Amino acid sequence: MNMPQLTPGALKGLRVVEMGQLIAGPFAAKTLGDFGADVIKIEPPGAGDPLRNWRMLQDGTSVWWQVQSRNKRSIALDLRSAEGQDIARQLIAQADVLIENFRPGTLESWGMDYETLSKTNPGLVMLRISGYGQTGPYRDLPGFGAIGEAMGGLRHLTGEPDRIPVRCGISIGDALAALHGTIGVLMALYHRKVNGGQGQVIDVALNEAVFNVMESLVPEYSAFGAIREPAGSALPGIAPSNAYRCADGVVLIAGNGDSIFKRLMQVIAREDLGNDPALANNAGRVERVKELDAAIEAWTQGRSVTDVLAALAQASVPAGRVYTAKDIVEDPHYRARDMILKQATRDGHEIEVPGIVPKLMGTPGRVRSSAPKLGDDTDAVLAELGMSADQIGELRNKKVVA
């Protein structure tokens, strides 16, 4: 894409302190950092964020880390010590946003509850991501994204009927919580700037973030007592929309619009179905979804994925194949949209990483710095607080910082 990469980021000048670890909180901070925010990540000395060691490692560091922590500065700070907590308070006092995803009560035990922090920084926006939220009977239970997906209603719908539910293969619950948290931060900042409001707390629960995207799940139960059940690759109540076997693979076809359905039936030479008045709208098609799926697959099974997609594209019927990582990286559309970026690690490797979403045409996001090693920026951040080299050295000798 032809985008002005040197334009200052939309969030230039925004100071973010990131506390917590792994996925949800750091994903929210990463999103803000991609668009120009100065993100200071506080990590425990020694091991740092456990994500540094998750999944596949290159020179001892996860390649996932290179995505999750780009555009951040790392300070290794022992938050269990009184001096470490005092330094954290100083950083927060100068911040616009604090992001944390500890268990509820952790910050309070360190004297960093919002009421205390906001006395010195009344404009502070504090994003708190936890398993079940800061209130309610489950607040103290440990919660990971997978549990939020289950409680939020998603896991019950994933997989084939009468089989154990499967997960989607990524930490989707954490990502949804992070995105909801990012939206909350931006709304709170808007309120603070435009409406003259103070800072505030954004309370995001993993299960609620998942629940928020569950569409008609609850209204259907409320109105009809209907409990939505897993349906494999189909989209229940919307037809035809499913995955269909081809001679050499699988395609996904969404032929559920009224006019789209007619065009799809023309492509597969089933005008009899396309012209059937009983199938002219979605309600009628849902009643005969098995018949329609069988007719479509009878056509796809004798053709290659390439031939099926070409025929459907010609007829303007939405369809696609199932992409692997290799397919994504080699796809010209991903490349044209700058969705595969080359990024140098601080160990000297060059890897490809996902690009930046969303695309802002005037102030696009960009990778300004690679993911830091643990404590790469400790001295610089502490110097910005006014500490001398001797003071920093003393803290390092005490193992308060690293």
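Colleague: Which strands does helix 3 lie across?

Modeller: In this predicted model, helix 3 (residues 82–93) lies across strand 1 (15–18), strand 2, strand 5 and strand 6. To read its direction, compare it with a strand: helix 3 runs at about 165° to strand 2. Helix 7 (residues 172–194) packs on the sheet too, touching strand 6, strand 7 and strand 8. The direction of helix 7 makes about 165° with that of strand 7.

Colleague: What is the order of the strands in the open sheet?

Modeller: Read the strand numbers across the sheet: the 6 strands come in the order 5-2-1-6-7-8, with parallel pairing. At the edges are strand 5 (72–76) and strand 8 (201–205), each pairing on one side only. From one strand to the next, the twist averages 20°.

Colleague: How many bridges join strand 6 to strand 7?

Modeller: There are 4 bridges between these parallel strands, residues 97–100 and 125–130. Look for isoleucine 99, which stands opposite leucine 127 in strand 7.

Colleague: Now for the loops. Is glycine 48 buried or exposed?

Modeller: Buried means under 20% relative accessible area, so glycine 48, with 4%, counts as buried. You will find glycine 48 in the loop between strand 2 (38–43) and strand 3 (57–58). Beyond residues up to four places away in sequence, glycine 48 touches Glu43 and Leu374.

Colleague: Which side chain of opposite charge is nearest to aspartate 377?

Modeller: That is arginine 346, 4.6 Å away. A salt bridge needs the charged atoms within 4 Å, and aspartate 377 is buried yet has none. Aspartate 377 sits in the loop between strand 13 (350–354) and helix 17 (378–384).

Definitions and conventions
Residues numbered from 1 in each chain as written. Predicted model: local features only at pLDDT ≥ 70, side-chain atom pairs only at ≥ 80, totals over all residues. Heavy atoms only, no water. Helix = DSSP H or I, 4+ residues; strand = E, 2+ residues; numbered from the N terminus. Buried < 20%, exposed > 50% of the residue type's maximum accessible area, 1.4 Å probe, protein only. Lys, Arg positive; Asp, Glu negative; His and termini not counted. Contact = heavy atoms within 4.5 Å. Pairing = 2+ DSSP bridges. Axes fitted to C-alpha atoms, helices over the stretch in contact; angles between N-to-C directions.
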